[in-house]
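The tour goes from one selection to the next.

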Amino acid sequence: MTLSRQAAMNIAKVLTEALPYIQRFTDKTIVIKYGGNAMVDEQLKKNFARDVVLMKLVGLNPVVVHGGGPQIGQVLHDLGIESSFVDGMRVTDSRTMDVVQMVLGGLVNQDIVSLINRSGGKAMGLTGKDGDLITARKLVIKRSSPEMLETEIVDIGHVGEVVSVQRGVVDMLVRSDIIPVIAPIGTDASGASYNINADLVAGKIAEELEAEKLILLTNVAGLEDASGKVLSGLNPEQVQALIDDGTIQGGMLPKIRCALSAVQHGVRTAHIIDGRVNHAVLLEVLTDEGVGTLIASNQEAVREQTGVTQTSLQGTASSDNIE
């Protein structure tokens, strides 16, 4: 089959546009938090796997951290276990934690590994418990108000936060040309297991690996201004202003905070991108345009990455699902 002249020019444009990005990011680590529609829609799942394999083949080092909230919810429902949430986080008793480990560390993790391997890559699945990758501690939620005599401590069970990341485990896999696929489960010194927000795990791993990029796949186009236009580039001060004025709220807050922490602790850029777009990761990493919002450490870095200066900071960004 012979390509038309226009089709050939379009393909050539895409390939030549990707070249400087491939050269720039060769041997760089890209941490990707995989979640949302991209984990549910069959075509999006296949395209994500192909994107990750292509990145590895052209010399980048992708590291995948995945969520699995809907899948956990479905298995709990099938088992007749009721789910409840506090501030968007799943209350996780011992029985629920067993299900979380089965779904995240088994069903979901191995499905992703299989997809990547069938697309021509070499992936290996692990949880934060493997090789003591993620040391965690119990997450403490405190509530207070003028009417309360003392601060209330809310116990949500086996829900944790990251204390430390053992980067040697990931480095070993990357050096072996393996794509790590990590489930967000950690343990404390006593061996207790914890379910950890996948965005936060991805952010901490990106910080520890001194990654070039942290990419968070979501079900929104990015952060938008009042007119509905996606804000393509923000610095930490602008992000904080969006939080302070209520533009960023709900389940979007953990994503933004982990992105903000990442760029403040050595990650060059963080990206909140629309996982509903086919090949969203490749578009964000290897093209001029991208499909979401970039956060960089300062305005100069924003301009370097996007070629624009963001001035409008009014909009709304909210998501209820933070798993």
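Predicted model: local features only at pLDDT ≥ 70, side-chain atom pairs only at ≥ 80, totals over all residues.

**Stop 1: two helices**

Select residues 198–209, which form helix H6, and residues 252–264, which form helix H8. Their axes come within 9 Å and cross at roughly 5°. Angles under 35 degrees count as roughly parallel, and H6 and H8 are therefore roughly parallel to each other.

Now show the side chains where the helices meet. On the H6 side, select Asp199, Leu200, Lys204 and Glu207. On the H8 side, select Pro254, Lys255, Cys258, Ser261 and Ala262. Coloured by class, this contact of H6 with H8 shows four nonpolar, one polar and four charged residues.

**Stop 2: a cavity**

The structure holds two cavities of 30 Å³ or more. Go to the second largest cavity, which has about 50 Å³ of space. To outline this cavity, select Ala38, Leu44, Asn47, Phe48, Asp51, Leu217, Gly275, Val277, Asn278, His279, Ala280 and Val281.

Which helices each supply at least two residues of this lining? They are helix H2 (42–57) and helix H9 (280–286). H2 gives the most, with four residues. By class, the lining of the second largest cavity divides into seven nonpolar residues, four polar and one charged.

**Stop 3: an aromatic pair**

A search of the whole structure finds two aromatic pairs. In the pair of Tyr34 and Phe48, the ring centres are 3.9 Å apart and the planes are at 5°, so the pair is stacked. Tyr34 is in strand S1 (residues 29–34) and Phe48 is in helix H2, so that the pair links distant parts of the chain, 14 residues apart.

Technical notes. Residues numbered from 1 in each chain as written. Heavy atoms only, no water. Axes fitted to C-alpha atoms, helices over the stretch in contact; angles between N-to-C directions. Parallel < 35°, antiparallel > 145°, perpendicular 65-115°, else oblique. Contact = heavy atoms within 4.5 Å. Nonpolar A, V, L, I, M, F, W, Y, C, P; charged D, E, K, R; others polar. 1 Å grid on protein atoms, 1.4 Å probe; cavity = no way out; pocket = protein on both sides within 12 Å on 5 of 7 lines; lining within 4 Å. Points joined across faces, edges and corners; volume = space filled by probe spheres on them. Phe/Tyr/Trp six-rings, centres within 6.5 Å; stacked < 30°, edge-to-face > 60°.
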